[in-house]
Amino acid sequence: MTNQEYDNAVAWLFEQAPNYQIDGKKAYKPGLENITKLCEFFGNPQQNLKMVHIGGTNGKGSTSNMLSSILQEAGYKTGLYNSPHLIDFTERIKIDGQNCDREFVFDFIQKLKKLPADIQPSFFEFTTVMAFEYFRLRNVDIALIEVGLGGRLDSTNIITPLVSAITNVALDHQDILGETLEEIAREKAGIIKPGIPVISGSNDEEVKRIIEEKAKENASDFIDATLMESDLKSDLNGSYQRHNIKVVLALINELQTSGYEISAEQIERGLLNVQKNTNFAGRWMEFSSDPFIICDTAHNQAGLEVVFSQLESIPVHKHIILGFVQEKKIDQIMAILPRDATYYFTKPNVNRGRDPRDYEDLLKRFKINYKIFDSLQPAYLSAKQNIKKDEMIFVGGSNFIVGEFLEKNLEK
């Protein structure tokens with residue numbers, strides 16, 4: 001297999017089943033009918049795995065990567081399924097922090113090309129069964145599965161895990177999941193399985209009540225992670241990680257009850273070595289110290305509020321590079337932007353990317369000090385040129401912006 005053959009195979013995957021709704025092709029196919037047929041075609045690999053299921057609006061990636069790092073420190077061969085990827089497709093499927101083998105991806109896509117006509121999966125359904133099969137073939141001790149979107153109708157919801165977690169619930173993807181927190185919470189709570197403990201990380205009392213009620217319906221233990229006390233630190237430096245750490249510790253408690261041997265020292269070491277152990281990137285990531293550059297993939301109002309609050313606590317002038325996708329409610333995001341900053345708006349390099357000129361009237365109305373750029377790299381180079389000593393650059397607004405930034409500027 002050549003690099004070109006691999007690239008062509010992955011391009012076919014995106015073309016046949018786009019990652020997002022593009023040109024009338026529906027990427028999100030709610031329901032488990034397709035994934036059920038797909039998994040049956042491959043011999044139901046998910047039935048041979050011990051798994052943890054992690055849902056929520058924000059924090060899924062950080063929580064699953066911290067948990068993976070701890071399990072790796074404890075000596076367990078750990079599979080990790082996250083989305084989306086930032087640079088390379090193989091980031092979505094990892095074992096002990098190593099990206100999925102390209103040969104496997106190529107060979108698996110050849111099998112996908114031969115699917116019966118009655119199985120027409122979405123992009124995410126393709127990648128979900130690919131992860132299950134990779135973890136089965138590599139005989140992992142445990143696989144950590146991140147929900148793609150929602151929960152109840154998400155393709156990952158075909159699994160029966162050892163324990164489930166819902167990190168939090170916030171407004172995002174309202175066009176699919178519902179307009180209110182309560183509606184979205186019910187979708188997220190759809191991952192709760194009969195008799196399987198569920199951990200809630202939500203601070204919202206109504207959301208907590210909905211998750212707890214769903215747990216009772218399923219005779220499942222309900223664990224409120226917000227009640228946990230911990231002063232443990234992680235090398236993931238965002239202030240929001242304090243919340244995620246509590247969810248991780250609650251997950252560890254349940255896994256220990258299931259027979260996994262994990263010591264306090266392994267927990268501490270795992271939390272402090274997440275980036276090294278799992279190659280996790282893009283969460284309050286210090287890209288460089290001179291100039292000081294932070295990038296973060298927070299992309300909805302709840303996530304951005306936390307990130308912007310942490311930015312505001314740094315007493316220097318900021319040069320902030322942002323780009324958003326079409327479905328984001330820009331007016332709500334404008335209202336929470338740090339005011340004492342210079343902004344560089346650009347369009348993410350994907351079909352869903354939104355041209356900043358579309359919301360330039362909002363920028364003017366909110367009296368934002370801004371410039372608009374046709375693509376990310378000129379925006380970054382302009383910020384680098386304008387930055388003075390003791391100032392900083394922030395890059396974010398979308399996974400796609402951070403992914404492109406890292407791909408173009410990370411030392412190879």
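Visitor: At its relative accessibility, does Asp374 count as buried or exposed?

Guide: Asp374 counts as exposed, at 60% relative accessibility, where buried means under 20% relative accessible area, exposed over 50% and partly exposed in between (1.4 Å probe, protein chains only). This is a predicted model, in which local features need pLDDT of at least 70, side-chain atom pairs count only at pLDDT 80 or more, and totals for chains, interfaces and linings use all residues. Residues are numbered from 1 along each chain as its sequence is written, and side-chain values use heavy atoms, with hydrogens and water left out.

Asp374 forms a salt bridge with Arg357, their closest N and O atoms being 2.9 Å apart; the term denotes a side-chain nitrogen of Lys or Arg within 4 Å of a carboxyl oxygen of Asp or Glu. The pair links distant parts of the chain, 17 residues apart: Arg357 lies in the loop between strand E12 (341-345) and helix H14 (360-365), and Asp374 in the loop between strand E13 (370-372) and helix H15 (376-386). Helices (H or I, at least four residues) and strands (E, at least two) are DSSP runs, numbered from the N terminus. Arg357 is partly exposed, with a relative accessible area of 43%.

The structure holds 15 salt bridges. One of them joins the side chains of Lys208 and Asp224 (3.0 Å, N to O). Lys208 lies in helix H8 (residues 205-217) and Asp224 in strand E8 (residues 222-224), so this pair ties together parts that are 16 residues apart in sequence. Both Lys208 and Asp224 are buried. Finally, Glu33, Lys37 and Asp118 are linked in a network of salt bridges.
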